[in-house]
Amino acid sequence: MAQRASVEVKTSTPVAPDRRMMPPVLRALLFAAIGFVVLDALTVLLDYSPQSPYLSQTGAVAGWFGALVGWLLGIGGYEHIIKPMLGFDDPGYKQVGWRRFFQLADDHKVIGVQYLVFSTGTFLIAGLVAMAMRFQLMSWQPTIFQYPQSYLNAVGIHGTLMMFTVATVAMFGGLGNYMVPLMIGAKETVFSKASGIGVWLVPVGVLTVAFSPLLGAWTTGWRGYEPLAASDGVGMLYYYLGVFALTLSSLIVALNLVTTILFKRTKGLTWNRLPLFVWGILTVSLLTVIWFPEIQTTFLLALTDKMAMLNMFNGLGHALGFSEFFWLFGHPEVYIVVVPALAMWNEIIPVFTRKSLFARPMAVLGLVFVMMLSGMVWAHHMFTNMRYSEMLPFSFFTEMISIPTGFAYLAAIGTIWNSRMRLTTPMLLVLMSMFNFLIGGLTGLFVADVPANLQLHNTFFVVGHFHFTIIGGMVFSWMAAMYYWLPKFSGRTYNEFWGKFGAIWVFVAFNATFLNFFILGLHGMNRWVSAYPKYLQPENFWTSIAAFFLGAGFGINLIHIVWAWVKGPKVQENPWQAKTLEWQTSSPPPRYNFEELPVVVAGFYNYGEGAPEPVIVAKQAGTQA
Amino acid sequence: MAIQKTRGEMEDMRAIRTGFGIFLASLSVMLVTLVAARYLTAGSTVGPYSQWLGAITTLFMLISGFAARSARTAIVRGNNQAMQSRLGLGFWFGVLTVAAVLLQWILLNNQGVPVTLPAAEVYYVLTGIWMLLAVVSGFVLYASKARGRRIGGYTVDNHWDVDAATYFWTWTAMGWIVLYIVLYFI
């Protein structure tokens with residue numbers, strides 16, 4: 001309902017009294033504190049006894065909801081969403097310059113940057129936690145984590161933040177929000193205000209998860225496993241709540257982007273011409289719309305189960321119920337992370353090879369079929385808890401899913417084949433991502449296979465496999481996309497030497513770290529342990545050294561990208577001579593993206609002699625007609 | 001008099017309507033998960049719930065849902081006053097429905113039914129999550145009424161706010177009916 005108000009605001013912004021307002025982030029913090037205190041006090045009043053503590057388990061949960069509502073109202077939800085819903089005027093957006101990034105915004109580019117900053121910041125936090133874990137694993141005895149619970153909690157925080165914030169949010173929420181409207185020739189997204197409020201759920205989720213150990217350690221890892229969670233501290237509840245906030249944010253991104261892609265495509269942008277990255281975001285959005293409500297409900301069930309001490313998911317109830325619900329979502333989540341990366345390869349490769357995209361329909365079909373099959377493979381995570389007869393179909397579909405993944409892969413290889421490639425930093429990172437993903441995919445076949453799975457389950461081999469897929473596939477593609485679109489974000493470019501230097505650094509360090517994980521796993525190194533047999537120490541030691549280099553490598557790339565964004569040399573509008581629509585407007589783009597909406601008359605991935613130009617602007621289209 | 005909408009405005013409205021439809025479809029996954037949880041954790045056992053109270057709760061919800069739907073029909077016909085009163089009727093019967101569910105919670109507690117009895121815990125959890133959704137959609141229903149009063153009423157051409165609120169509330173009503181069937185009968 002409030003959505004339409006945003007469209008009205010655009011045409012005639014009501015004149016609001018020029019009152020000084022507390023900076024939105026400070027106001028949000030204040031409102032959050034008030035919300036927490038009020039809701040917690042309410043729980044005390046409702047269940048009063050002289051002995052009851054002011055902050056109880058129930059109070060902490062109720063207070064969190066109060067803080068969440070207070071935070072969202074304070075950041076701008078009060079005047080931009082709630083008041084317009086009740087019939088008051090929206091005061092419009094007064095903040096300009098850098099200040100507009102610190103409040104509720106309705107510009108998809110601002111929202112995209114906010115998502116990128118939050119996911120990058122979280123990458124740093126999760127990365128530092130990983131460094132601490134690797135420091136611990138340099139020795140076979142406890143060092144910095146004196147208790148196994150502390151180590152397991154660190155593993156959980158690392159995994160949760162990486163999966164639900166970095167891997168899900170960076171390409172989907174960040175690049176998706178910024179680039180999709182530009183790539184489809186739209187002036188804005190459909191649910192821009194909802195999107196603007198959704199991004200502010202990310203810091204809530206991240207801080208909730210990061211500080212959850214203050215309420216008591218939790219040892220379940222990023223999966224929040226019941227019934228193990230039942231014996232964990234109150235921090236477990238904040239894991240559920242934090243992830244609830246993070247998934248709600250991604251759900252809003254999905255609803256907004258899927259509707260925008262369906263309805264806001266410019267004239268001539270048929271499904272057959274839709275850019276690959278947009279196809280990737282569309283398939284991911286559909287996966288999110290289906291699976292995120294499922295996991296949110298599961299977390300609400302688990303939260304209640306633990307808070308009210310029920311028996312739903314423990315030995316007296318259905319002990320495997322939570323795991324089944326979790327992995328129903330958990331494996332599609334892997335494709336939610338990876339599909340934008342596969343799409344990104346085929347977005348970048350034709351530009352730098354100057355060759356038409358090979359088998360474009362197959363590349364698109366690959367993404368779509370990965371989406372469709374992703375819900376049929378989940379139980380391979382639970383082979384150790386299943387009957388043999390149940391394993392076969394899941395093993396079969398897990399191996400089958402490599403076929404549509406292969407479509408996207410082979411389209412990339414077919415395009416590179418016999419091309420005269422410009423080996424720029426983005427292209428180099430795409431090649432590295434493809435190599436890493438290949439290792440992740442090949443080792444995935446072992447994990448999908450029942451006899452191998454039963455042997456490798458819970459070892460470092462599995463950890464190596466999914467790090468090659470997620471970090472090797474997604475994070476390298478994210479970096480490629482950042483370098484590729486840097487001129488679009490800022491009108492500036494990076495230094496080619498430092499770009500390649502940073503790319504090679506992380507590639508070498510990444511492989512030195514995670515190839516070792518396979519060997520460690522085969523040698524008997526278990527996951528979820530801070531202390532391990534002494535014979536594994538030398539290998540763990542050198543793996544940790546490589547991991548520290550990897551952490552430093554990401555830092556170098558981050559510093560380089562930030563420097564290039566702010567101070568890098570200015571660059572022409574379309575430095576790569578790419579054909580997609582985001583390059584047909586100024587850099588950085590104006591508030592409503594295009595002065596005149598472009599008209600698409602051909603596909604974007606046709607290169608070579610006589611290839612048609614895909615875009616004409618509206619005015620030219622009018623005169624030609 | 002009907003105001004002619006531009007093609008762009010009609011496209012925008014179509015996008016918002018479809019997006020809202022996707023939102024409700026997505027929300028239905030929650031309902032499917034809750035139903036699955038009911039059978040996974042408690043089998044098909046029907047708990048010691050008051051059948052009378054369940055039927056009355058459902059009757060309240062049906063009245064509420066139909067009142068909200070008819071509020072939309074009223075504004076489509078341009079009858080602002082009828083829309084306002086029916087939205088109010090829908091809202092207050094919604095409040096009664098939530099109160100009736102809470103009464104069932106109290107009755108279960110007073111009967112000494114252990115909270116951890118599988119049939120009791122699924123009742124608490126499923127209806128609790130449903131009430132959370134009812135509070136959100138109930139607020140949207142209330143907001144559409146309050147907004148209508150403040151902006152001087154909706155028109156035949158401008159009533160998306162009422163549409164959205166009543167669609168959401170209808171979804172909530174249907175959600176209750178699904179839960180009523182799976183909790184009280186099968």
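1. Chain A exposes about 23800 Å², and carbon and sulfur atoms supply 69% of it. Areas come from the Shrake-Rupley method with a 1.4 Å probe.

2. This is a predicted model: local features need pLDDT of at least 70, side-chain atom pairs need 80 or more, and totals for chains, interfaces and linings use all residues. Residues are numbered from 1 along each chain as written, chains are lettered from A, and side-chain values use heavy atoms, without hydrogens and water.

3. Chain A has 19 helices and two strands. Both are DSSP runs: helices are H or I of at least four residues, strands E of at least two. The radius of gyration is 25 Å, close to the 25 Å of the globule rule for 625 residues, so chain A is as compact as a globular protein of that length. That radius is taken over C-alpha atoms, and the rule is 2.2 Å times the number of residues to the power 0.38.

4. Of the 625 residues, 61% count as buried, meaning under 20% relative accessible area with a 1.4 Å probe, protein chains only.

5. The largest nonpolar core has 260 residues. Such a core is a set of buried Ala, Val, Leu, Ile, Met, Phe, Trp, Tyr and Cys residues joined through side-chain atoms within 4.5 Å. Leu175(A), Phe277(A), Trp478(A), Tyr484(A) and Trp485(A) touch the most other members. Helix 5 (residues 148-183) gives the most to this core, with 21 residues.

6. Leaving aside neighbours within four places in sequence, Trp478(A) has contacts including Leu116(A), Phe123(A), Val166(A) and Leu175(A). Contact means heavy atoms within 4.5 Å.

Terms used: Buried < 20%, exposed > 50% of the residue type's maximum accessible area, 1.4 Å probe, protein only.
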